[in-house]
Every structure is written in structure tokens, then in C-alpha cells.
Amino acid sequence: MAGDEDWREQRRRAVHAHAEAESRAQAVEQAAAAELVHRFAADATARGLRPERLRVTSYDGRHRYRTGLTGWYVDRARSRAVDTRGNFYLLTVPNSLRALLFGTVCPPVPPPLVVGRGGRDGESLPLAELLDRRLAAGDDWP
């Protein structure tokens, strides 16, 4: 039975080491993506892109709610945005009658280095390219 215990302990350590490595890799990726988002906000401000009041969409897509956020939508679906302080947002929330009346709060999320990775449609795009496209479009963004 000692062999079984040794094997279990070895597996536990291996799983723990793998989880720590994954956590470190994710932290590095999020830091790099956050830097891209901060740089985008600074470049957008320097280029004079007009920020706008950001709105969120309900999960079912039928309602749009006010937020206290000001920034730039970075995708045509208006489901991702960067605020003027360089925070990244996913702009979807559950349906809410209260949000229809009073607006809603949308917390910032860690930006991904690849937008759409793992999505069902198979379309993904590096965050740097998405932000560069948005900057290049200027205020002519739809």
C-alpha cells in the first residue's frame, strides 16, 4: 500500500505544479494584454478619438442598458470596449428590469491576448490586431 500512497502523492504534486505553471502563464498573458489595452487608451486619446458613453447588451441581445462608462467600442458587435482609463470590458449582462430603469454596473475584466479564442465560431483575432484596426478606423467606426 505504501506504493499507492507514494504514487498518489506524486500525482498530487504533479497536478499542483501544473496548476501553478498554468497560473503563472495566465498572469504573464494578462499583463501583456493589459499593457496593450492601456497603450490603446493612451493612443486613442492622443489621436483625438472621441470616446462615447458605453452601453451593455443583455445576454439575449434584446435590451441595451446604460452604464457610467466612457470609452471606445473595439469590435463591431459592440460587445467589447476599452474605457478612457485603459480598462477592458465585456459588455454583456443578464436581463434586468432594474437595469432598464437605472442602468447597470459593468466591472472590468482581464483582457485576453487572443479575442475569441475557444469560441464556437472558430474566429479568433489577436488583441493587438483588433486594437490596431480600431485605432486605424478613427471616429469612422460603425
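1. A word on terms before we start: two strands pair if DSSP finds at least two bridges between them, and helices (H or I, at least four residues) and strands (E, at least two) are DSSP runs, numbered from the N terminus. With that in hand, strand β3 (residues 80-83) and β4 pair in the antiparallel sense over three bridges. Valine 82 has phenylalanine 88 in β4 as its bridge partner.

2. Some housekeeping. This is a predicted model, in which local features need pLDDT of at least 70 and side-chain atom pairs count only at pLDDT 80 or more, while totals for chains, interfaces and linings use all residues. Residues are numbered from 1 along each chain as its sequence is written, and side-chain values use heavy atoms, with hydrogens and water left out.

3. Now the whole sheet. It is open, has five strands in the order β4-β3-β2-β1-β5, and its pairing is mixed. At the edges sit β4 (88-90) and β5 (92-93), each of which pairs on one side only.

4. Do look at threonine 67, which has its place in strand β2. Its relative accessibility is 8%, so threonine 67 counts as buried (buried means under 20% relative accessible area, exposed over 50%, partly exposed in between, with a 1.4 Å probe and protein chains only). A polar atom of the threonine 67 side chain lies 2.6 Å from the backbone oxygen of leucine 54, and the side chain also reaches the backbone nitrogen of leucine 69 at 3.1 Å. Leaving out residues up to four places away in sequence, threonine 67 touches Arg53, Leu54, Arg55, Val56 and Thr104 (contact means heavy atoms within 4.5 Å).

5. The structure holds one aromatic pair. The ring centres of phenylalanine 40 and tryptophan 72 are 5.9 Å apart and the planes stand at 90°, so the pair is edge-to-face (rings of Phe, Tyr and Trp, the last by its six-membered ring, pair if their centres lie within 6.5 Å; planes under 30 degrees apart count as stacked, over 60 as edge-to-face and the rest as tilted). Because phenylalanine 40 lies in helix α1 (residues 2-46) and tryptophan 72 in strand β2 (residues 64-73), the pair ties together parts that are 32 residues apart in sequence. Both phenylalanine 40 and tryptophan 72 are buried.

6. Last, helix α3 (residues 127-137). Its buried residues are Leu127, Leu130, Leu131, Arg134 and Leu135. Seen down the axis of α3, they fall within an arc of 135°, so they line one face of the helix (the arc is that of the directions from the helix axis to the C-beta atoms). Asp132 and Ala136, on the other side of α3, are exposed. Glycine 138 follows α3 and has a positive phi, near 65°.

Methods: Polar contact = N/O pair within 3.5 Å; in protein donor to acceptor, adjacent residues only side chain to side chain.
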